[in-house]
Amino acid sequence: MSIVKTAKVQTGISTTSTNNFHTRAPEDGTLRISRGNAESPISDVLTVGADGSITGAVYGLKTLQDVTGLRNPNIVYTNSKPYPIDVVVNVSIANTNTFTRLVVDGVDFSKTTAPGSGTYTYELKGVVPPNKGVQVTGGSFTIQSWRESQ
């Protein structure tokens, strides 16, 4: 058995550096996968922290981005990505028996109802396939936050 020890590896031989990947393990205990050449990585794609945490924008290990300022109630938004995205919406309901629902491609994916007087906050979650729509609709409610995987 052989053991090879190295601090960095380049995968790919393209003269266009963004077509190559660079893997490095700095002495801080992290593992980083980047686009670019071994001598000059351009941007991190995935990082595994010394504590085991994983960050990065890769399918299957999705990062939620706050898009609250770009979303409104009762409007259908289409997933234009070539892969499914996760949607997590926090809503505030202040009226008795008022419902709120997350609708994916015309189907109720997540639904909640305020059980009585007072203000209630709920989290609605769904997965939106490529080229399908998503919206939050219902009675009187406020969108507190809207996050989507990128």
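**Entry 1: a loop residue**

Is Asn 74 buried, partly exposed or exposed? I looked this up in what is a predicted model, and I found that Asn 74 has a relative accessible area of 43%, so it counts as partly exposed, because that value falls between the limits of 20% and 50%. I then traced where Asn 74 sits, and its place is in the loop between strand E6 (64-66) and E7.

**Entry 2: confidence and overall form**

Confidence is lowest in strand E5 (residues 54-56), where the mean is 69, and highest in strand E7 (residues 77-78), where it is 97.

How many helices and strands does the protein chain have? I counted zero helices and 13 strands, and reading along the sequence I wrote down the pattern β-β-β-β-β-β-β-β-β-β-β-β-β.

I next looked at the dimensions, and the C-alpha atoms of the protein chain fill a box of roughly 65 × 30 × 30 Å along the principal axes. The radius of gyration of the protein chain is 21 Å, whereas a compact globule of 150 residues would have one near 15 Å. Of the 150 residues, 31% count as buried, and the chain exposes about 9000 Å², of which carbon and sulfur atoms supply 52%. When I turned to contacts with a separation of 6 or more, I found that residues 24 or more positions apart account for 52% of them.

**Entry 3: a buried glutamate**

Which strand holds Glu 148? I placed Glu 148 in strand E13, which covers residues 141-149. Its relative accessible area is 7%, and it is therefore buried, as this is under the 20% limit.

I then listed what the side chain of Glu 148 meets, and there is a polar contact of 3.0 Å with the side chain of Arg 71, as well as a polar contact of 2.9 Å with the side chain of Trp 146. Leaving aside neighbours within four places in sequence, I found Glu 148 in contact with several residues, among them Thr 63, Leu 64, Gln 65 and Val 67, and also Ile 85, Asp 86 and Val 87. Arg 71 belongs to that list of contacts too.

I went on to Asp 105, which lies in the loop between strand E9 (99-104) and strand E10 (107-113). Asp 105 is not a glycine, but it has a positive phi of about 50 degrees. With a relative accessible area of 46%, Asp 105 is partly exposed.

Which residue forms a salt bridge with Asp 105? I found that Lys 132 does, with the closest N and O atoms 4.0 Å apart. This pair links distant parts of the chain, as Lys 132 is in the loop between strand E11 (120-128) and strand E12 (133-138), and the two residues are 27 residues apart. Lys 132 is partly exposed, with a relative accessible area of 33%.

**Entry 4: other salt bridges**

I recorded five salt bridges in the structure, and I kept in mind that side chains of opposite charge can pair when their charged atoms come close. One of the five joins Arg 101 and Asp 108, whose closest N and O atoms are 2.6 Å apart. Arg 101 has a relative accessible area of 26% and is partly exposed, and Asp 108 also counts as partly exposed, at 36% relative accessibility.

I looked at Glu 123 as well, which forms a salt bridge with Lys 125, the closest N and O atoms being 3.4 Å apart. Salt bridges that share partners join Glu 123, Lys 125 and Arg 147 into one network. Glu 123 is partly exposed at 40% relative accessibility, and Lys 125 is partly exposed with a relative accessible area of 48%.

Methods:
Residues are numbered from 1 along each chain as its sequence is written. This is a predicted model: local features need pLDDT of at least 70, side-chain atom pairs count only at pLDDT 80 or more; totals for chains, interfaces and linings use all residues. Side-chain values use heavy atoms; hydrogens and water are left out. Helices (H or I, at least four residues) and strands (E, at least two) are DSSP runs, numbered from the N terminus. Buried means under 20% relative accessible area, exposed over 50%, partly exposed in between (1.4 Å probe, protein chains only). A polar contact is a pair of N or O atoms within 3.5 Å; within protein, one must be able to donate a hydrogen and the other to accept it, and residues adjacent in sequence count only if both atoms are side-chain atoms. Contact means heavy atoms within 4.5 Å. pLDDT is the predictor's confidence in each residue, from 0 to 100. The radius of gyration is taken over C-alpha atoms; the globule rule is 2.2 Å times the number of residues to the power 0.38. Accessible areas come from the Shrake-Rupley method with a 1.4 Å probe; for residues, only the protein chains shown count as cover. A salt bridge is a side-chain nitrogen of Lys or Arg within 4 Å of a carboxyl oxygen of Asp or Glu.
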